[in-house]
Amino acid sequence: MDIKKAFINRDKNREERMYGIFASLFIFQNRLQTLFDNFDSSITLKQFMLLILIKMSKPNETFTNYGKMLGCSRQNIKKLVNLLEKNYYIELRIDDLDKRKSSIKITKKTEDFFINNSDLHLEKLDLLFKDYTDEEIKQFYAMMGKLYDGIERLEKIK
């Protein structure tokens, strides 16, 4: 089955479109993860996204909060952190006063990775969004904010 044709065929009404969008989000995530994991064998897309979050976050962010931001469990974050630490992308520092607390520091290896791969990542993003005008990118970005709002509504009714 051609998934793009199946998606287009679900354009009959609001309900069909919502089903199509929902299914597509899942499919897009899987396909993009596979593609980006294959671009660089040294780091997975999930590891890369966690590194970006670490870089953007305040110091001493908790594993639980990283999990919430990335949409996964604290245990999954711990596994990602352990792999990143093992491969020298981050340093994990345990708090001297409270051994339950730890902080994550980006290493030079990670800084070099971002510098050395920024052109490649931008090239891949340009290919992914090539068919969009600047205005469509702006609208899509705004709609993503609304999707986050919807996800947060769903999370409240667990």
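**Note on side-chain contacts**

1. Glu 111 counts as partly exposed, because its relative accessibility is 33% (buried is under 20% relative accessible area, exposed over 50%, partly exposed in between; 1.4 Å probe, protein chains only). The model is predicted, so local features need pLDDT of at least 70, side-chain atom pairs count only at pLDDT 80 or more, and totals for chains, interfaces and linings use all residues. Residues are numbered from 1 along each chain as its sequence is written, and side-chain values use heavy atoms, without hydrogens or water.

2. How many salt bridges does a search of the whole structure find? The search finds 3 (a side-chain nitrogen of Lys or Arg within 4 Å of a carboxyl oxygen of Asp or Glu). Start with Glu 111. Its side chain meets that of Lys 55 in a salt bridge, at 3.4 Å from N to O. This pair links distant parts of the chain: Lys 55 sits in helix α3 (residues 45-56) and Glu 111 in helix α6 (residues 108-128), 56 residues apart. Helices are DSSP runs of H or I with at least four residues, strands are E runs with at least two, and both are numbered from the N terminus. Lys 55 is partly exposed because its relative accessibility is 43%.

3. Asp 112 forms a salt bridge with Lys 108, and their closest N and O atoms are 3.0 Å apart. Both residues lie in helix α6, 4 residues apart, or about one turn of the helix. Are the two partners buried or exposed? Asp 112 is partly exposed, with a relative accessible area of 29%. Lys 108 reaches 61%, so it is exposed.

4. A further bridge joins Arg 93 to Glu 91. The closest N and O atoms here are 3.1 Å apart. Arg 93 is partly exposed, at 42% relative accessible area. Glu 91 is partly exposed too, with 36%.

5. Glu 135 is found in helix α7, which covers residues 134-156. Its relative accessibility is 46%, so Glu 135 counts as partly exposed.

6. Now the rings. A search of the whole structure finds 8 aromatic pairs. One of them is Phe 36 with Phe 39: the centres are 5.1 Å apart and the planes stand at 80°, so the pair is edge-to-face. Rings of Phe, Tyr and Trp (its six-membered ring) pair if their centres lie within 6.5 Å; planes under 30 degrees apart are stacked, over 60 edge-to-face, the rest tilted. Where do Phe 36 and Phe 39 lie? Both are in helix α2 (residues 14-39), 3 residues apart, about one turn of the helix. Phe 36 counts as buried because its relative accessibility is 19%. Phe 39 is partly exposed, at 37% relative accessible area.

7. Why does the pair of Tyr 132 and Phe 140 count as stacked? The planes of the two rings are at 25° and the centres lie 5.8 Å apart, so the pair is stacked. Tyr 132 is partly exposed, with a relative accessible area of 37%. Phe 140 is partly exposed as well, at 30%.

8. Which residues form one aromatic cluster? They are Phe 48, Tyr 89, Phe 113 and Phe 114. To follow this note in the structure, begin with the bridge of Lys 55 and Glu 111. Then find the ring pair of Phe 36 and Phe 39 in helix α2, and end at this cluster of Phe 48, Tyr 89, Phe 113 and Phe 114.
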